[in-house]
Structure formats: structure tokens, C-alpha cells
Amino acid sequence: MEPLYLTIALDTPLDKVFDYRWLPASAQNESEQPQIGQIALVPFGRGGREAMAGLIVAISRETSVPLDKIKDVIEVRAQCQALSPAWIELCRFAAEYYQRPLGEVAIPALPKNLRVPKATSLNSNLKKLAKQKLAAPASDASPQQPASLNPEQTAAVEAITKVSPSQSFTPFLLHGVTGSGKTEVYLQAAAQVLAQDAQAQVLILVPEINLTPQLEGNIRQRFPGLQLATLHSGMAEGERLLHWLAAHTGHARIILGTRLAILASLPSLKMIIIDEEHDPSYKQQEGLRYSARDLAVWRARQLSIPVVLGSATPSLETWQHAKAGRYQQLNLTERAVKAAVLPVVKLINTEREKTSEGLTQRLVAAIRLRLDKGEQSLLFLNRRGYAPVIHCDACGWISNCTRCTAHLVMHKLDKRLRCHHCGLEQIIPRRCPTCGNVDLQPLGRGTQRLEEGLQLLFPEARVFRIDADSTRKKGSAEAAFDTVHRGEVDILIGTQMVAKGHDFKNLTLVAALNPDSALFSQDFRASERLFAQLMQVAGRAGRAAQKEGGNSSEVLIQTRYPDHPLYHALMAHDYNSFANDLLEERQHAAMPPFIYQALLRAEAKQLETAILFLKEAAHCLHHPGITINDPIPMSMTRVHNIDRAQLLIESTSRPALQAFLKEWITQLRGIKTSVKWGVEIDPVDV
Ligand code: ADP
Ligand code: ZN
Ligand code: ZN
């Protein structure tokens with residue numbers, strides 16, 4: 001038999017695919033011909049000594065590679081069914097759109113154990129799967145009855161599930177206030193899709209790993225007979241492979257995951273749900289900097305299936321799509337639990353009121369009221385550690401990181417100063433490194449210091465802190481949230497980790513401590529984010545009906561700027577006018593979503609090197625309709641002894657920007673430089 005030539009996409013920065021020869025004799029199973037979409041192990045690197053896994057993207061009887069140069073395929077992983085043309089098309093789109101080689105998108109999207117030279121764990125996992133050994137469905141639990149929907153929920157479920165074939169593809173924006181029962185809409189819409197088709201798969205994306213256990217529990221109770229796969233970055237490789245295979249083989253009918261799940265292989269995908277679609281964590285911030293939300297919309301369009309973007313505070317991009325009629329908007333305007341009402345939001349002026357341990361008297365009194373009635377309070381402070389910096393009063397020394405444009409944060413519990421950017425750690429000095437003064441003072445307040453202060457103010461209360469430091473161990477975050485849900489906590493302190501999604505039933509007070517800094521950030525998205533974050537954390541209060549004799553739910557914001565319009569919009573629970581005002585500003589200033597952006601990032605030992613490279617880049621190509629701004633240092637210039645600068649490219653036309661970038665990147669590849677650079681499309685931190 002004649003040899004076949006397989007074109008393989010490999011995970012290398014080289015923007016090309018590679019041909020390899022396949023001979024029937026070299027295959028383990030002679031009768032099986034390779035197929036497009038299968039994984040193949042091939043020799044790569046100097047002398048072809050390294051075995052690398054790649055994706056077969058084309059098969060031919062001919063090749064342009066000279067026959068004395070071509071290398072043989074080591075092995076085709078025929079035991080694993082081929083990835084579908086639709087999946088390869090998705091990767092191709094992402095590669096094209098984010099300006100990356102196909103292999104750099106497709107291969108990292110596959111579980112590691114599928115790509116390693118030895119296929120033992122693949123084989124054993126395939127066996128496990130055949131025996132249905134995926135985390136067992138909760139067969140013992142009696143199925144949870146779906147809630148009877150209120151009229152707005154009913155309308156939403158109907159709109160999502162009754163899309164007529166003649167209707168053109170339209171994503172749904174489910175705009176529902178906090179506690180309006182968006183989850184119930186997702187689950188009931190999913191139930192219909194799953195019931196209509198015995199193979200159908202539904203993908204549900206959440207912004208944070210910590211939100212998966214709660215939703216996973218709900219899903220298992222609601223669909224006790226169905227296989228559920230979870231996909232997120234906190235999983236061990238073996239577990240990840242098993243769940244990925246469950247999705248890929250169609251065993252799993254519901255797939256719950258964080259952003260990386262958008263690139264999962266889902267052969268029978270029939271619906272995508274993106275909860276908290278505005279959340280910044282849907283944007284990958286390293287490597288392939290993709291937006292899982294945007295890819296989800298593309299994927300749904302490709303398959304002509306419904307996609308639901310849910311949020312109380314949609315991103316302005318999505319909001320603008322809805323206003324322009326490109327997305328169909330579905331509204332949930334009230335809390336779903338009867339007699340649960342949105343909390344009253346009040347501002348406390350910290351310029352006027354005295355504080356102790358960072359808390360005003362009004363806030364202290366409000367916490368006391370909750371303690372008296374056995375209700376919970378949540379204090380939101382988006383800054384972990386004890387104090388963001390320590391300093392010396394005598395000479396002005398402050399604890400800066402020697403490797404970053406950042407302070408070393410004081411962590412009192414383990415007596416360390418720690419850089420949150422590069423990981424540098426040192427013991428808290430006893431005396432000032434410059435003048436020897438022994439009286440070094442913490443400046444400002446992080447969650448640990450707040451915890452200490454609350455224990456002093458309320459010695460009888462059970463104070464509990466949830467942040468990245470308190471939940472480092474695997475499973476500890478889930479355990480921590482369980483502790484709160486079980487009611488074993490009176491005062492919860494938390495960073496943005498606790499702000500999202502959790503359905504705390506006994507929480508009637510939320511306080512946000514000094515969220516002001518975002519009001520004056522250079523980042524034009526800062527106020528959009530702050531509003532979303534505060535709205536979300538406020539939404540944790542009063543989710544159940546008020547208990548008899550209990551406190552009504554309340555949100556207190558300690559601020560130095562009580563006149564700021566953002567806070568007033570928050571008090572009025574008025575996302576709509578806030579968003580509309582912001583959109584108007586953005587339109588005037590020619591900013592996203594009215595224009596499209598890309599960022600060229602450059603990293604070097606010296607800032608000048610990076611800037612010089614960017615200057616050269618800025619001059620090497622011009623297209624009409626493309627604005628190339630001046631290179632600037634990034635706002636946090638130095639991280640781990642590397643200086644970083646950026647160049648912003650803008651256009652009112654997405655296709656024009658794409659065409660420019662394609663040509664430009666080819667030219668940039670030709671520039672000889674020590675600078676590490678990369679292009680990011682639709683950046684969210686500019
Ligand atoms: P959201 O995601 O919109 O913030 P959730 O989906 O968490 O809100 O719902 C808030 C609460 O309302 C949950 O406790 C949920 O069980 C309850 N709920 C949802 N829909 C209904 C309904 N139709 N009737 C009664 N309770 C409901
Ligand atoms: Zn000093
Ligand atoms: Zn550092």
C-alpha cells in the first residue's frame with residue numbers, strides 16, 4: 001500500500017503545519033487508516049528526537065516535503081475517536097482571530113494526558129469511561145423538583161427554547177437582578193433541550209471554580225440520571241482527562257466549567273449558558289488571550305444553537321449588542337423568592353465619621369443588629385494580606401518589591417512581606433533597613449487586619465475570612481463556603497471571591513469598605529467593573545424572605561466620595577441608566593465597544609529596549625483606518641525584573657483591524673530583537 005502524508009498541527013510558535021509520512025506497517029492497527037481529527041505522535045525538534053503530539057488536519061497521497069526529509073509518524077491514537085470538523089473549525093477560527101498558529105490553540109486545549117508520549121492513562125481512562133466510572137450521578141438523592149417559574153422566568157425559558165428554525169441566529173441576554181432566579185431559567189431551559197434529544201449536550205460556564213460546587217449540586221439533584229462532567233483548572237490531570245473524554249465521547253450530557261471549557265470537544269452540543277457573562281475572568285490573561293464569552297457566541301452561531309448570556313450587570317459590549325437588537329434581551333426585574341427584596345443601599349462618608357479598626361460607628365451598629373438576631377454579615381474588602389505596605393515614619397522607607405513596580409504586602413500571620421506579583425518573600429524586618437528605626441508601621445488595611453479588628457470589636461462573634469490566602473489547599477474553598485452556608489459564621493470577610501454568585505440564605509448585611517480607588521483608575525473599564533462588583537456583592541444580601549422580627553437587608557458602602565454618580569446609580573439599583581451613560585461617554589470618546597482594539601505587548605530587561613521595539617513596530621506598516629498610538633510603559637511597568645510596555649492599535653472596523661494585524665505580525669516576526677512580544681486582540685486591561 002502507498003504511504004499517506006498526514007498534515008499535522010503542532011503546538012509551536014512556528015506559524016505552519018507539518019507533513020509526516022504514515023505507512024500501514026508503522027501503524028499498530030493495520031486495517032485502520034488515520035482520520036482527520038485524530039491525535040498523532042510525531043518526531044519533532046533537533047534530529048527529531050522529541051516525540052510530540054499533534055492534530056491531524058489533512059491527509060493526502062502527496063506532499064511537498066522532499067522524500068529524503070520527511071519523517072514517519074510514530075503512532076496514531078486511534079483508540080480515541082477523532083475530533084470533529086466543527087471543533088477543528090472552532091480552533092481555526094480562534095487561531096485566525098487571535099492571530100496564533102492553529103496548533104497553539106488546538107493542542108493546549110486537549111488534556112495533557114492525551115498528549116504525552118505514553119498512552120497508558122488514556123487507555124485506562126477510556127476503560128473507566130466505558131464502565132461509566134465518571135463521578136457517580138447522585139442516584140440516591142430524590143430528584144429536586146423544579147420551582148414553578150414566575151411569569152418573567154417563564155417568558156425567558158420559552159424564548160430560549162422555542163427558537164424557530166426560520167429565525168436567524170440571535171444570542172440571548174438574560175438580564176436579571178441579583179437573586180432573580182437566573183439559575184432556574186438556565187436549568188429549566190437546559191432540561192427542555194436535554195429532553196428533546198437523547199444525545200444533546202449542554203455547556204454551562206461559570207466565572208470561578210468556587211462557584212462550581214454549588215451549581216454542580218443543583219444540577220445533580222435536578223438531573224439525577226444524567227452524566228455531568230466538570231472542567232476547570234483546579235483538576236488533577238487524570239481527573240481532567242476522564243471528564244474531557246466524557247464530554248468528547250458524548251457520555252456527559254451536561255458540562256460545567258470555567259472559561260477553558262469553551263474549547264472542550266462537545267460533539268452533540270445543543271445549548272451554551274454563560275453565567276455572569278460580564279466577569280473579567282472569562283478573558284484568558286496569558287498565552288492565547290481569548291475571551292471565552294466571545295468564543296461561546298461564535299460556537300453557538302456555528303452550530304445554530306441557543307446561547308444565553310446571563311448577568312445582573314452585563315458587559316457594555318453585550319449591552320450594546322442588545323440595544324442594537326443583535327442580541328435578544330430577556331429581563332428578570334424582581335427577586336424570585338417571594339418576599340425577598342433588593343437590599344437598601346446606603347453610603348457612609350468616611351471623611352465625616354470616625355472609624356475604629358476601619359469601621360464607622362454606623363457599620364459597627366449594623367453588624368451588632370445582625371449578631372443580635374442570629375443573621376450573617378459580609379464585609380467586602382478586595383485586598384488580601386494584613387496591610388498593603390509597611391513604612392518607616394522616621395525616614396520614609398516603604399516596603400517596595402525589588403523586582404516589581406509594587407509594594408510588598410504585609411502578611412502578619414506568617415510574618416512575611418510578600419509580593420503579590422512575583423512571589424518575592426521576606427521576613428518582616430524588625431527595624432528599618434535604611435535608618436534602623438524599630439517602629440515600622442503597617443499602612444492601610446487588608447482582609448487579615450480587618451479580621452483582627454473585628455475579633456477585637458466583637459469577641460463573641462464567629463469571624464471568618466475567605467480569600468486566596470485562606471483557601472490555598474485544594475478543596476478548602478469549598479469547605480469554607482460550606483461553613484458559611486451551614487450558618488457557622490456570623491461575620492464573613494472576603495475579597496471578590498465571595499462577591500460572586502453564592503446564594504447565602506441568612507445574610508442581611510453587606511458592607512463594602514473603601515472601594516474608591518477604582519473611581520480614579522486610568523483603566524477606562526474600572527468604573528464598569530466596580531459597579532458590577534458592588535452590585536454583585538450587594539446582591540448577596542436579602543436573598544431569602546425577611547425573618548419575622550429580623551432585620552431588613554441592607555448594604556453599606558464606606559466611601560470618601562458619597563456624591564459620586566456611580567454610588568448613586570448603585571443606590572437606585574439602576575444598572576440601565578448607569579450603563580447607558582457609560583456607553584454614551586464611550587461613544588463620544590471613541591472607545592470600545594464602538595471601536596476595536598489590539599495591543600502589542602513587549603517585555604525586556606530594560607524599558608528602553610521594549611519601547612524601541614514598539615517604536616520600530618509602530619513604523620513598519622500603515623493602513624488607512626488604523627490608528628497606531630504611541631508606545632507607553634504598562635501601568636505596572638516592572639514585574640519580576642522584566643520591564644513591560646505596550647502599543648495600542650485601534651480601528652472602527654474589525655475586519656480592517658484583522659487584516660492589518662495579519663500583515664503586521666508577519667513583519668514583526670522579521671524584526672531581530674531580544675524583546676519578548678505578543679499581540680492581544682480585544683484587550684480588557686488597557
Ligand atoms: P440569580 O442567579 O439570579 O442571582 P438564583 O438563581 O441564585 O438567582 O436564585 C435566587 C433564589 O431564588 C434561589 O434560592 C432560588 O432557589 C430561588 N428561586 C428561583 N426561582 C424561583 C421561583 N420561581 N420561585 C421561588 N424561588 C425561586
Ligand atoms: Zn527608616
Ligand atoms: Zn515583585
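This is a predicted model: local features need pLDDT of at least 70, side-chain atom pairs count only at pLDDT 80 or more; totals for chains, interfaces and linings use all residues.
Visitor: Let's start with Glu-357: is Glu-357 buried or exposed, or partly exposed?
Guide: Glu-357 has a relative accessible area of 30%, so it counts as partly exposed. The cut-offs are under 20% relative accessible area for buried, over 50% for exposed and partly exposed in between, with a 1.4 Å probe and protein chains only.

Visitor: Where is Glu-357 found, and what is its phi?
Guide: Glu-357 sits in the loop between β14 (355-356) and β15 (359-360). Strands here are DSSP runs of E with at least two residues, helices are runs of H or I with at least four, and both are numbered from the N terminus. Phi of Glu-357 is near 55°, a positive value in a residue other than glycine.

Visitor: And what about Ala-339?
Guide: Ala-339 also has a positive phi, near 75°, and is not a glycine. Ala-339 is in the loop between β12 (328-332) and β13 (344-349). With a relative accessible area of 62%, Ala-339 is exposed.

Visitor: Okay, on to the metals. What coordinates the zinc ion (ligand 3)?
Guide: Cys-401, Cys-404, Cys-419 and Cys-422 coordinate the zinc ion (ligand 3), each through SG, at 2.2 to 2.3 Å. Donors are N, O and S atoms within 2.8 Å of the metal (3.2 Å for Na, K and Ca), and water is not among the atoms, so sites may look incomplete. Along the chain, the donors of this zinc ion (ligand 3) are spaced C-x2-C-x14-C-x2-C. Cys-419 and Cys-422 are buried.

Visitor: Why is the arrangement around the zinc ion (ligand 3) tetrahedral?
Guide: Because its four donor atoms subtend angles of 105 to 114°. Four donors count as tetrahedral if all angles lie between 85 and 135 degrees.

Visitor: Which protein donors does the zinc ion (ligand 2) have?
Guide: The zinc ion (ligand 2) has Cys-392, Cys-395, Cys-432 and Cys-435 as protein donors, with their SG atoms 2.2 to 2.4 Å from it. The angles among its four donor atoms are 103 to 113°, and the site is tetrahedral. The spacing for the zinc ion (ligand 2) is C-x2-C-x36-C-x2-C.

Visitor: New topic: what does Asp-469 touch?
Guide: Not counting residues up to four places away in sequence, Asp-469 touches Arg-384, Gly-385, His-411, Arg-418 and Gln-448. Contact means heavy atoms within 4.5 Å. The side chains of Asp-469 and Arg-384 are joined by a polar contact of 2.8 Å. For that term you need a pair of N or O atoms within 3.5 Å; within protein, one must be able to donate a hydrogen and the other to accept it, and residues adjacent in sequence count only if both atoms are side-chain atoms.

Visitor: Where is Asp-469 placed?
Guide: Asp-469 is in the loop between β22 (463-466) and α13 (476-485). Its relative accessible area is 16%, so Asp-469 is buried.

Visitor: What about Asn-125?
Guide: Asn-125 is in helix α4 (residues 120-130) and counts as buried at 4% relative accessibility. Leaving aside neighbours within four places in sequence, Asn-125 is in contact with Gly-238, Leu-241, Leu-242 and Leu-245. The C-alpha atoms of Asn-125 and Ala-246 are separated by 9.6 Å, though the two are 121 residues apart along the chain.

Visitor: Last one: where is the cis peptide bond?
Guide: The cis peptide bond joins Pro-592 and Pro-593, with omega about 5°. Pro-593 lies in the loop between α17 (575-588) and β26 (596-604).

Methods:
Residues are numbered from 1 along each chain as its sequence is written. Chains are lettered from A and ligands numbered from 1 in the order in which they are written. Side-chain values use heavy atoms; hydrogens and water are left out. Four donors count as tetrahedral if all angles lie between 85 and 135 degrees; four count as square planar and six as octahedral if opposite donors are over 155 degrees apart and all others between 65 and 115; anything else is irregular.
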